[in-house]
Amino acid sequence: MQGEKYLFVVSGPSGTGKDTIVARLLADHPEIHRTISATTRAPREGEQDGVNYYFVSKEDFEHKLQNDEIVEHTCYCGNYYGTLRSEIERHMREKTPVILVIEVEGAGNIKRLYPGATTVFVLPPNIEELERRLRARGTEDEETIQRRLTRAQTEIANAVSYDEHLVNVEVGPCAESLYTIIQYHIQYGKE
Ligand code: 5GP
């Protein structure tokens, strides 16, 4: 499909700082956009509907799936998450870079649907640091932290299948490296 090279998928284990990196990138480069996913997960404190996610009921999510409004979806730690078709295809048509921050299964599905998309995996400096960041966030209970740490190992094992890799030691330099990757792929990617 035309405009696939404007799609960028960013993944990384929970707590790796991928959302912070993407937020910094968008603040510094307002021409880049980020998709807002639909999820059945409850909002965390400070999260807003239509800003962080579209928070929907399980019934609403299933309805959107049936209507083909969702291009890929997954069940992550007991909740549905999905990318809305409307959130990506407009950017492909208008040739504006757009970032999807999604987990590894979704990333694989996007790459199969849109082979011209670029997948970027954000690695933590090490697993101990990942656990420290996850705990410092203070938003999850112990059981959720353990589930997310177990899942992190599987996700990191999957990182080899990504096109590009970043290690998040410091947010600013990591966001700029992501910007460089985006520029290269837009300049040299197939139309
Ligand atoms: P969180 O609950 O921490 O916001 O997100 C949990 C995981 O779901 C993260 O790895 C996040 O990137 C991923 N995620 C968020 N939205 C989507 C989506 O639309 N599709 C998929 N496949 N994963 C998503």
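## Sheets, helices and ligand

Modeller: Happy to. One place to begin is V120, which stands opposite E164 in strand 9. Keep in mind that this is a predicted model.

Colleague: How many bridges join strand 8 to strand 9?

Modeller: Four bridges join them, and strand 8, residues 118-123, runs parallel to strand 9.

Colleague: And in what order do the five strands of that open sheet come?

Modeller: The order is 2-7-1-8-9, with parallel pairing. Strand 2 (33-34) and strand 9 (164-167) are the edge strands, each pairing on one side only.

Colleague: Which strands does helix 1 lie across?

Modeller: Helix 1, residues 18-28, lies across strand 1 (7-11), strand 2, strand 7 (98-101) and strand 8. Its angle to strand 7 is about 165°.

Colleague: I was looking at R24 in that helix. What is R24 in contact with, beyond its sequence neighbours?

Modeller: Setting aside neighbours within four places in sequence, R24 is in contact with V171, G172 and A175. R24 counts as partly exposed because its relative accessible area is 37%, which falls between the 20% and 50% cut-offs.

Colleague: How far is R24 from T74?

Modeller: Their C-alpha atoms are separated by 26 Å, and the two residues are 50 apart along the chain.

Colleague: Is the pairing of strand 3 and strand 6 parallel or antiparallel?

Modeller: Antiparallel, over two bridges. T39 has Y81 as its bridge partner in strand 6.

Colleague: Since you mention T39, is T39 buried or exposed?

Modeller: T39, which is found in strand 3 (residues 38-39), is buried because its relative accessible area is 0%, and buried means under 20%. A polar atom of the T39 side chain lies 2.9 Å from the backbone oxygen of Y80. Leaving out neighbours within four places in sequence, T39 is in contact with Y53, Y54, F55, V56, Y80 and Y81.

Colleague: Now the ligand. Which residues come nearest?

Modeller: There are 16 residues around the ligand, and S37, R41, Y53, Y81 and E103 come nearest.

Colleague: What do Y53, Y81 and E103 have within reach on the ligand?

Modeller: Y53 has a polar side-chain atom 2.6 Å from an oxygen atom of the ligand. For Y81, an N or O atom in the side chain is 2.5 Å from a ligand oxygen atom. E103 has a polar side-chain atom 2.6 Å from a nitrogen atom of the ligand.

Colleague: And how much of the ligand's accessible area does the protein cover?

Modeller: The protein covers 95% of the 520 Å² that the ligand has on its own.

Notes: Residues numbered from 1 in each chain as written. Predicted model: local features only at pLDDT ≥ 70, side-chain atom pairs only at ≥ 80, totals over all residues. Heavy atoms only, no water. Pairing = 2+ DSSP bridges. Contact = heavy atoms within 4.5 Å. Axes fitted to C-alpha atoms, helices over the stretch in contact; angles between N-to-C directions. Buried < 20%, exposed > 50% of the residue type's maximum accessible area, 1.4 Å probe, protein only. Polar contact = N/O pair within 3.5 Å; in protein donor to acceptor, adjacent residues only side chain to side chain. Near = heavy atom within 4 Å. Areas by Shrake-Rupley, 256 points an atom, 1.4 Å probe, with all protein chains shown as cover.
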